[in-house]
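Dear colleague,

I am passing on the structure below, together with some notes on what turned up in it.

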Amino acid sequence: ASRRRIGLRGASGKLGANGLAETTSAEPDRREPIRVLLIEDMDHEAELTARHLRKHGIVHVMQQVQTGDAMRAALRDFRPSIILSDFSLPAFDGLSALAIARECSPEVPFLFVSGTIGEERAIEALRRGAVDYVLKSNLTRLGAAVERALQEAQARALGRRQERQIARLTGVLRMLSGINGAVVRIRDRT
């Protein structure tokens, strides 16, 4: 199948609604689970990725896809908080996945989790918009990389909201200045 939802057991050992587990660490976490879109063709690698996120205390639900069409559907329907992608898949590749992500959901952070990404390809991926890459041989770095990417995305979203608010307030100030100028002109005429 090109698209599959992974039902993972958290530390509590209980499956959540819809056969998906909201994976948890040993300590309760009050945050909403993050939604992880995983572009990966190997189920055991997907399980390993989920295990490392749980180990780091990241509460999440995960959807795994293997093709561009399935990825587009997941971006639309699953609405991920973060995208993790292998670099090499049989029917798809990481740079194509990155291009789709930038086109459809540019605000969602994209990380490569790969065993085959070399230094030159990693630099190219970062230049094209990936926020980080983690080697499968060093998944202990995955949790910190995911948390940093989510914090940076949240900061960018806050900055965009603040810019919109400043633009709105600037418009209000211009309008008030115009009204004030009109009142002064009317007063001067009388």
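Arg161 counts as partly exposed, because its relative accessibility is 45%, a value that, like everything below, comes from a predicted model. This residue sits in helix α5, which covers residues 142-189, and together with Arg156, Arg160 and Arg164 it gathers in a patch of positive charge on the surface.

Helix α5 also holds Met175, which at 49% relative accessibility is likewise partly exposed. Met175 belongs to a nonpolar surface patch of about 540 Å², made with Val172, Leu173, Leu176, Ile179 and Val183.

As for the chain in general, its secondary structure comes to 5 helices and 8 strands, which from the N terminus run in the order β-β-α-β-α-β-β-β-α-β-α-β-α. Of its 190 residues, 38% are buried, and the accessible surface comes to about 11000 Å², with 51% of that belonging to carbon and sulfur atoms. Among contacts between residues at least 6 apart in sequence, 66% join residues at least 24 apart.

Turning to charged pairs, side chains of opposite charge can pair when their charged atoms come close, and a search of the whole structure finds 11 salt bridges. One of these joins Asp86 and Lys136, with the closest N and O atoms 3.2 Å apart. Asp86 lies in the loop between β4 and β5, and Lys136 in the loop between β8 and α5, so the pair ties together parts that are 50 residues apart in sequence. Both partners count as buried, Asp86 with a relative accessible area of 6% and Lys136 at 19% relative accessibility.

Another salt bridge links Arg141 with Asp132, the closest N and O atoms being 3.1 Å apart; here Arg141 is partly exposed at 33%, whereas Asp132 is buried at 9%. Through salt bridges that share partners, Glu40, Glu45, Asp86 and Lys136 are joined into one network.

Within helix α4 (residues 119-128), Arg128 and Glu124 lie 4 residues apart, about one turn of the helix, and they form a salt bridge whose closest N and O atoms are 2.7 Å apart. Arg128 is partly exposed, with a relative accessible area of 42%, and Glu124 is partly exposed as well, with 21%.

Finally, Arg79 may be worth a look, as its phi is near 50°, a positive value in a residue other than glycine. Arg79 lies in the loop between α2 (68-77) and β4 (82-85), and at 61% relative accessibility it counts as exposed.

Notes: Residues are numbered from 1 along each chain as its sequence is written. This is a predicted model: local features need pLDDT of at least 70, side-chain atom pairs count only at pLDDT 80 or more; totals for chains, interfaces and linings use all residues. Side-chain values use heavy atoms; hydrogens and water are left out. Patches are made of residues with over 30% relative accessible area and no salt bridge: like charges are joined within 9 Å, nonpolar side chains (Val, Leu, Ile, Met, Phe, Trp, Tyr) within 5 Å. Accessible areas come from the Shrake-Rupley method with a 1.4 Å probe; for residues, only the protein chains shown count as cover. A salt bridge is a side-chain nitrogen of Lys or Arg within 4 Å of a carboxyl oxygen of Asp or Glu. Lys and Arg count as positive and Asp and Glu as negative; His and the chain ends are not counted. The place of a charge is taken as NZ of Lys, CZ of Arg, CG of Asp or CD of Glu. Helices (H or I, at least four residues) and strands (E, at least two) are DSSP runs, numbered from the N terminus. Buried means under 20% relative accessible area, exposed over 50%, partly exposed in between (1.4 Å probe, protein chains only). Contact means heavy atoms within 4.5 Å.
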